[in-house]
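A guided account in running paragraphs would be welcome.

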Amino acid sequence: MTASQDTAPSRPFPHRHLLGIEGLTPDEIGLLLDQAEASVAQNRQVDKKRSDLRGLTQINLFFEESTRTRTSFELAGKRLGADVINMSVATSSIKKGETLIDTAMTLNAMNPDLLVVRHPHSGAVELLSQKVACAVINAGDGSHEHPTQALLDALTIRRRKGRLSGLLVAICGDILHSRVARSNIHLLNTMGARVRLVAPPTLLPASVERLGVEVHHDMRRGLADCDIVMMLRLQSERMHGAFVPSIREYFHFWGLDYDKLASARPDALIMHPGPMNRGVEIDSAVADDIDRSVIREQVEMGVAVRMACIEILTARLRHPERVS
Ligand code: NCD
């Protein structure tokens, strides 16, 4: 294990939890991104492990299936030296009928320092955070927020384009059910980017104009002159009823292929939070285009961003003398 580097955040972060992007200031978002930047190089070394979080316990509590987000949080905690425990619904007493609050109280009694929580209901993570003594990170709650996804998207964009402010970002597809879209809209608006939502009316929230975005119902017009094209998965697990006529038709009108991409800027980047449905919202060749697609880089940045969030939220435990 590498000796502990002094990775204390450069400025204080005034929140105990990270429940969403809404309400964070540009300076707070900048702090999280700068802190993440410092871990990117470390994550590319052979020895990826630090000891800053030695003695601290992180519990990943996932009430919903997840592959990349859970793995990413697990790696992030371990690379910082924490003890990481994974709990998923399939193997826990939640299946036996325990309530969310009882689960929270039980885990709280084990004195964890950090809980990373994913839940299918919007607002459940915030409710849980009110019942525990430790810091809580929202790893996705219903269709509400997924703050670390928006932060890793922002880090990917900032590293490629050198800035966020002034960029034109198109978020396309199933916006109605997407916590990724909601967190990204807040982050990009806060950081001075322009956001366009491109989707059929059935896949947009009713109050969409209040989000401070432009709305388009046509891919070619929606993608015109964009710097970033962010595609979203059709979240069929959150759909009750038919939102699209058929997958074939959806791909024809809303799937990203080279033809539609031609209206974006020639240097536009293609993003997707994963998991991708090839041939539904994105053409396979476009997704794998090494000159345009940064989908794999997003996954890499995810670990660095989660390390930053963990470091910043536990800084008050590790450096109590610096907390005013
Ligand atoms: C997203 C999620 O779970 O909200 N995926 C992820 O975090 N990697 C998006 C999705 O499920 O489509």
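Which residues line the largest cavity? The lining is made up of R68, T69, S72, Q149, L152, H272, P273, I295, Q298, V299, G302 and R306. The model is a predicted one, in which local features need pLDDT of at least 70 and side-chain atom pairs count only at pLDDT 80 or more, while totals for chains, interfaces and linings use all residues. Residues are numbered from 1 along each chain as its sequence is written, and side-chain values use heavy atoms, with hydrogens and water left out.

Rolling a probe the size of a water molecule over the atoms shows where empty space is left. On a 1 Å grid over the protein atoms alone, a cavity is a set of points where a 1.4 Å probe fits but cannot get out, a pocket is an open set with protein on both sides within 12 Å along at least five of seven lines, and lining residues have an atom within 4 Å of a point. The structure holds one cavity of 30 Å³ or more, and about 80 Å³ of space lies in the largest cavity; a volume is the space filled by probe spheres set on the points, which are joined across faces, edges and corners. Helix 11 gives the most, with five residues. Helices here are DSSP runs of H or I with at least four residues, numbered from the N terminus.

The ligand sits in the largest pocket, in the sense that more than half of its atoms lie within 2 Å of the grid points. About 380 Å³ of space lies in this pocket. Its lining has 21 residues, and R118, R179, R233, G274 and P275 lie nearest the centre. Helix 2 and helix 6 each give two or more residues to the lining of the pocket.

Polar contacts are pairs of N or O atoms within 3.5 Å. A polar side-chain atom of R179 lies 2.7 Å from a ligand oxygen atom, and an N or O atom in the side chain of R233 is 2.7 Å from an oxygen atom of the ligand. At G274, a polar backbone atom is 2.9 Å from a nitrogen atom of the ligand. Taken alone, the ligand exposes 310 Å², and the protein buries 94% of that, with accessible areas from the Shrake-Rupley method and a 1.4 Å probe.

Key: Polar contact = N/O pair within 3.5 Å; in protein donor to acceptor, adjacent residues only side chain to side chain.
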